[in-house]
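User: Hi! Could you walk me through this structure, one question at a time?

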Amino acid sequence: MSFRSSKIEYKTNSQILKMREAGLVLAEALDTTVAAAKVGMTTKELDEVFESVITKHGTTSNFKGYHGFPATICASVNEEVVHGIPGDRVLEDGDVLKIDGGCIVDGWHADSARTVIVGTADPEDQRLSDVTEEAMWAGIAALAEARFVGQIGEAIDDFVSGREGKRLGILEDYVGHGIGSEMHMPPDVLNYRSGHRGPRVKPGMCLAIEPMLVRGNIETAVLEDDWTISTTDRSRASQWEHSVAVTMGGIWVLTAHDGGAERLAKYGVTPSPVVP
Ligand code: MG
Ligand code: MG
């Protein structure tokens, strides 16, 4: 895949602050939904938990109605990677659940996802989630110094390749994206080393960085519901995602309560918030 980079939207500081408002509501909604994800819950019940939080804050969902999507979160279990539709499926001990959600404040979008392992985790599933999460942070940290968007995927790829043990696969069919006045905008944000440097990183650029890793083959297929993306070998998958702004002074993780401070410290990166 090459980079789709036409018509990148560069945000003003006040627009970034709207996205931050959405990002903070989203962080709280994901906190609450992750905490509610227990054995015996259905994915539909989790969708209701998420929706109640974003509604309480007066924000609207950018997932519900998106090309007809019927819910406020994507809930994808085990070999399902992304775009799972919440429903009657009951969560079982050891399930690897991906919760992906978003919301809008005054037309400005936020998008974030987490993996939660329900009940007792298989150690290899825990490793899958941990490596995916840290790969996301390695990609976010790389953005702080990057001249080109392609350096994010290079950092993610290098981090995953550098792990001991069996190498996890990085999905190539689905990638991160620009975000702002719409949820999905140019440029594409690849999670792997592609040989293309991509567009130049500039202040005002806002990107959703979302590596998707699998324990087996990276080949995927769309299930019969026309939404759910699953690995074809049924190996388990993880997804983690944050929306990140490039500011005049660096980067700011809009969907992390602390702007990314704690997780970025070990990379020597300090968040650089926009000041009202
Ligand atoms: Mg998402
Ligand atoms: Mg996204």
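**Overall span and metal sites**

Analyst: Happy to! In this predicted model, the span of residues 18-247 is 30% helix and 26% strand, and its end C-alpha atoms lie 14 Å apart.

User: How many residues apart are D100 and E241, and where do they sit?

Analyst: D100 belongs to strand β3 (residues 96-105), while E241 is in the loop between β12 (237-239) and β13. Both D100 and E241 are buried. The pair links distant parts of the chain, and the separation is 141 residues.

User: Which residues are the protein donors of the magnesium ion (ligand 2)?

Analyst: Here the donor atoms are OD, NE2 and OE atoms, lying 2.1 to 2.2 Å from the ion. The sequence spacing reads D-x65-H-x32-E-x30-E. Those donors are D111, H177, E210 and E241.

User: Are H177 and E210 buried or exposed, and how many residues apart are they?

Analyst: H177 is in strand β6 (residues 176-178), and E210 is in the loop between β8 (206-209) and β9 (212-214). That puts them 33 residues apart, linking distant parts of the chain. The cut-off for buried is under 20% relative accessible area, and H177 and E210 are both buried.

User: Which residue bridges the two magnesium ions?

Analyst: The magnesium ion (ligand 1) and the magnesium ion (ligand 2) are 3.2 Å apart. The residue that bridges them is D111.

User: Which strand does β6 pair with, and what residue stands opposite G176?

Analyst: Three bridges join β6 to β7, and these strands run antiparallel. A hairpin of six residues connects β6 to β7. Strand β7 (residues 185-189) has five of its five residues buried, so it is largely enclosed by the rest of the structure. The residue of β7 opposite G176 is V189.

User: Why is one side of β2 and of β10 left without a neighbour in the sheet?

Analyst: The open sheet has three strands in the order β2-β11-β10, with antiparallel pairing. β2 (80-82) and β10 (220-222) each have a single partner strand, so one side of each lacks a neighbour: they stand at the edges.

User: Which element gives the most to the largest nonpolar core?

Analyst: This core has 35 residues, and I140, L143, I152, V160, L207, I209 and L264 touch the most other members. At least two residues come from each of α3 (123-145), α4 (150-161), β8, β13 (242-247) and β14 (250-253). With nine residues, the element that gives the most is α3.

User: Which residues is I140 in contact with, leaving aside neighbours within four places in sequence?

Analyst: Contact here takes heavy atoms within 4.5 Å. With its sequence neighbours set aside, I140 is in contact with I209, H242, V244, I251, V253 and L264.

Definitions and conventions
Residues numbered from 1 in each chain as written. Chains lettered and ligands numbered in written order. Predicted model: local features only at pLDDT ≥ 70, side-chain atom pairs only at ≥ 80, totals over all residues. Heavy atoms only, no water. Donors = N, O, S within 2.8 Å, 3.2 Å for Na, K, Ca; no water. Helix = DSSP H or I, 4+ residues; strand = E, 2+ residues; numbered from the N terminus. Buried < 20%, exposed > 50% of the residue type's maximum accessible area, 1.4 Å probe, protein only. Pairing = 2+ DSSP bridges. Core = buried A, V, L, I, M, F, W, Y, C linked by side-chain atoms within 4.5 Å.
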